[in-house]
Amino acid sequence: VNVRRPQAIQIEATDLSGARFTEVRDDHFARVYQHEFDHLEGVLIIDRMNTMDRLKNRRLLRDLERS
């Protein structure tokens with residue numbers, strides 16, 4: 001399933017020593033950060049699926065729900 005995401009992101013974070021920093025990414029890591037943030041927020045790939053993807057994968061989704 002293709003997930004549409006912004007190509008560039010800006011994050012604000014705190015490093016291990018407590019210093020705050022800002023980082024702007026427009027590469028592969030921008031997607032990685034967004035993917036990992038979804039995990040932290042409890043968002044699953046099925047939450048990001050559009051209607052056509054859900055229809056194409058309905059048997060798989062139904063099997064996942066049953067397991």
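How many salt bridges does the structure hold? The structure holds five, a salt bridge being a side-chain nitrogen of Lys or Arg within 4 Å of a carboxyl oxygen of Asp or Glu. This is a predicted model, in which local features need pLDDT of at least 70 and side-chain atom pairs count only at pLDDT 80 or more, while totals for chains, interfaces and linings use all residues. Residues are numbered from 1 along each chain as its sequence is written, and side-chain values use heavy atoms, with hydrogens and water left out.

- Asp-38 and Arg-5 join their side chains in a salt bridge, at 3.0 Å from N to O.
- This pair connects distant parts of the chain, 33 residues apart: Asp-38 sits in helix α1 (residues 28-41), and Arg-5 in the segment before β1 (9-14).
- Helices (H or I, at least four residues) and strands (E, at least two) are DSSP runs, numbered from the N terminus.
- Both Asp-38 and Arg-5 are buried, where buried means under 20% relative accessible area, exposed over 50%, and partly exposed in between (1.4 Å probe, protein chains only).
- Arg-48 belongs with Arg-5 and Asp-38 in a network of salt bridges.

**Glu-23 and Arg-25**

- Look for Arg-25 in strand β2 (residues 20-25).
- Its side chain meets that of Glu-23 in a salt bridge (2.7 Å, N to O).
- The side chains of Arg-25 and Glu-23 also make a polar contact (2.7 Å), meaning a pair of N or O atoms within 3.5 Å; within protein, one must be able to donate a hydrogen and the other to accept it, and residues adjacent in sequence count only if both atoms are side-chain atoms.
- Arg-25 counts as buried because its relative accessibility is 19%, whereas Glu-23, at 21%, counts as partly exposed.

**Arg-20 and Glu-12**

- Arg-20 and Glu-12 form a salt bridge, with their closest N and O atoms 3.7 Å apart.
- Arg-20 counts as exposed because its relative accessibility is 60%.
- Glu-12 is exposed too, at 56% relative accessibility.

**A positive patch on the surface**

- Arg-58, Arg-59, Arg-62 and Arg-66 gather on the surface in a patch of positive charge.
- Patches are made of residues with over 30% relative accessible area and no salt bridge; like charges are joined within 9 Å, and nonpolar side chains (Val, Leu, Ile, Met, Phe, Trp, Tyr) within 5 Å.
- One of these residues, Arg-62, is in helix α4 (residues 58-66).
- Arg-62 counts as partly exposed, because its relative accessibility is 38%.

Key:
Areas by Shrake-Rupley, 256 points an atom, 1.4 Å probe, with all protein chains shown as cover. Lys, Arg positive; Asp, Glu negative; His and termini not counted. Charge placed at Lys NZ, Arg CZ, Asp CG, Glu CD.
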